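Subject: Handover of a structure and its findings

Dear colleague,

Please find the structure below, together with its sequence. A description of what was found follows, and I would ask you to read it with the structure open.

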Amino acid sequence: MTNPPFLPASQTAWQNLQALATQVEHTPLSQLVDTPKRYPDFAFQVCGLNVDYSKQKIDQTVLDGLLELAHCAEFEQGFSRQTRGELVNSTEGRPALHTMLRTPDALQDAAYRPTIAAAQKQMFAFVDDVIDGRWRGYTNKVINHVVHIGIGGSHLGPELAVEALSHFSAHALRFSFLASVDGHLLQQLTREIDLEQTLFIIASKSFSTQETRSNAQSLRSWFLERTGSLEALARHFVAVSANVEAARDFGIAPENVFAMWDWVGGRFSVWSCVGLPLALCIGSENFRAFLGGAHEMDQHALNAPNAQNVPALMALIETWNSNFLNKDTHAVLVYDRRLRLLPDFLQQLEMESNGKSVHSDGSPVGELLTAPIIWGGEEPNGQHAFHQLLHQGTRSFSADFIACKLADHHFEDHHHWLLANCLSQSQAMLLGQPDSLLEGDELIDHKRVRGNHPSTTILLDNLCPRTLGAMLALYEHKVSFQSMLWKLNPFDQWGVELGKQLSQGIYKDISTTTSGQQLDASTQGLVEHINKRGGNVT
């Protein structure tokens, strides 16, 4: 692999790691972990999380080499620049100040403090009004159903957090999330809605994102067909947007538009008013605890030395796995149903942030591997599905195992089995199965499990607003530190725009056949095939 165009000192650090990888690659993981101090030396407790790297394919020499790489990449200075509000989003000329949203008022930058305080005051007042029954629908009925309409970052974060923390809800609000433009979902949703008791939240910074706009307009039409009243609509639709004028044209009163800012990217926005569904679910005080857990992790990432800095170590180890040990993918294996949406959230967070082929200065990364392919699922279901490939397939991968030490139910035996499955699967990936246990078995070649797959285990003390906030911030900072290693801008996402632009013309080809857009022969053939069907299939 060619060396990345880093600073000269970093080139040396990279070359040293390449030499170490050649040695470590042929060292069984079982041999690396076979030392009494392995767990104490490679496990860290921070912000209600226990993060254990002891099953990773590293030793102290490798770790020292990775820490030298972090020094060359200027981790401390880079993260400090981000949190101070420097223009780290170079292509758009913006800061990335999602950390400011969870910083206590007294510590916030004075330039942002009034804006953040006003938005949080507005959101918390609204949350209290809805939960306490003061905000009512147009027929004076209380709200019992919240429908959130968004896409991408304005959808994945809130949906994950609401599902993860719904056990902190002390009221009867029900939540639905609409992101896909698939009409089947919209049709099902309208069958379930009592419009007199439903609050719709439209989350779109521009108020023009195609999927969100289509879903919102369809629900608006559906609502007006049944009420015939824009005044009624204003009692049931609110927005989280920077485009107050477009929201007002939609029928939303300006005082019911909650702020979004261009210095907070969508995938980092659950801490802002984009987190309104979560605040409605768990209440204002618990939402503050969610922000507080993230702030604890911010302070750890900012102040801990690299050797004890948990998100920095996560970034270094994943870079080691992908760029030096050639791990193809990274699996996120969640042993708590409440966190089943975490792999989806992390897919966007990591792959949209660092899925880049040029450095922040525009130069190509060459053969450098940037963001890994993130995938995963809810366990132990996955153990009866894709774990066959993990244990006996030919793919190379790394994994995160995530579980909660304590459960929030009284079925203690079930939780013990869940944790036993989590630990046993990580052990199987570590050690495999010695051939000595299969001696004499004529199916030995079919039953052999080789192990030697690296993994990290994250145990939350329990799943609460504080620990969820800390864990999401942990992964955010991992992404930031990786971007410093790879010299990327993790805060833009130009790659998602092309498909959006092309869809405009193709939509016209399908719906009106008048776009005149030049299509490749394959796409043109598909459009013609679709148009030959004509009409609706019932």
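Two strands are said to pair if DSSP finds at least two bridges between them. In general, the strands of a sheet pair through backbone hydrogen bonds, either parallel or antiparallel. Please keep in mind that this is a predicted model.

The sheet

With that definition in hand, we may begin with an open sheet of 5 strands, whose order is S4-S3-S5-S6-S7 and whose pairing is parallel. Strand S4 (174-178) and S7 are the edge strands; each has a single partner strand, so one side of each is left without a neighbour in the sheet. Within the sheet, strand S5 (residues 198-203) and strand S6 (residues 237-240) run parallel and are joined by 4 bridges. Which residue of S6 is the bridge partner of Phe200? The partner is Phe237.

The aromatic residues

Phe200 and Phe237 also belong to one aromatic cluster, together with Tyr138, Phe207, Phe223 and Phe250.

Across the whole structure, the search finds 20 aromatic pairs. A pair of aromatic rings is described by the distance of the centres and the angle of the planes. One of the pairs is formed by Tyr112 and Trp263: the ring centres are 4.9 Å apart and the planes stand at 70°, so the pair is edge-to-face, the cut-off for this class being over 60 degrees. Tyr112 lies in the loop between helix H5 (75-84) and helix H6 (113-131), while Trp263 lies in the loop between strand S7 (257-258) and helix H12 (276-282); the pair therefore ties together parts that are 151 residues apart in sequence. Are these two residues buried or exposed? Both Tyr112 and Trp263 are buried.

Trp263 takes part in a further aromatic pair, with Trp261. Here the rings are stacked, with 4.7 Å from centre to centre and 5° between the planes. Trp261 has a relative accessibility of 13% and therefore counts as buried, since the cut-off for this class is under 20%. For Trp263 the relative accessible area is 10%, and this residue is buried too.

The largest pocket

The largest pocket has a volume of about 840 Å³. Its lining is made up of 36 residues, and those nearest the centre of the pocket are Thr209, Gly266, Gln493, Glu497 and Lys500. By class, the lining holds 11 nonpolar, 15 polar and 10 charged residues. Four helices each supply at least two residues of this lining, namely H7 (153-165), H9 (210-227), H15 (342-354) and H20 (497-511). Which helix gives the most? H9 does, with 3 residues.

The cavities

The count of cavities of 30 Å³ or more comes to 5. The largest cavity holds about 80 Å³ of space. Among the residues that line the largest cavity are Tyr53, Met314, Ile317, His330, Asp400 and Lys478. Helix H14 (residues 310-324) provides the largest share of the lining, 4 residues. By class, the lining of the largest cavity has 3 nonpolar, 4 polar and 3 charged residues.

Points in the backbone

Most residues other than glycine have a negative phi, and most peptide bonds are trans.

- Glu379 and Pro380 are joined by a cis peptide bond, with omega at about 0°. Pro380 is located in the loop between strand S9 (373-378) and helix H16 (387-392).
- Cys47, a residue other than glycine, has a positive phi, near 55°. Cys47 is found in the loop between strand S1 (43-46) and strand S2 (49-52), and this residue is buried, with a relative accessible area of 9%.
- Asn452 is not a glycine, yet its phi is positive, at about 70°. Asn452 is placed in the loop between helix H18 (444-447) and strand S11 (455-460), and is partly exposed, with a relative accessible area of 27%.

Yours sincerely

How values were computed: Residues numbered from 1 in each chain as written. Predicted model: local features only at pLDDT ≥ 70, side-chain atom pairs only at ≥ 80, totals over all residues. Heavy atoms only, no water. 1 Å grid on protein atoms, 1.4 Å probe; cavity = no way out; pocket = protein on both sides within 12 Å on 5 of 7 lines; lining within 4 Å. Points joined across faces, edges and corners; volume = space filled by probe spheres on them. Nonpolar A, V, L, I, M, F, W, Y, C, P; charged D, E, K, R; others polar. Phe/Tyr/Trp six-rings, centres within 6.5 Å; stacked < 30°, edge-to-face > 60°. Buried < 20%, exposed > 50% of the residue type's maximum accessible area, 1.4 Å probe, protein only.
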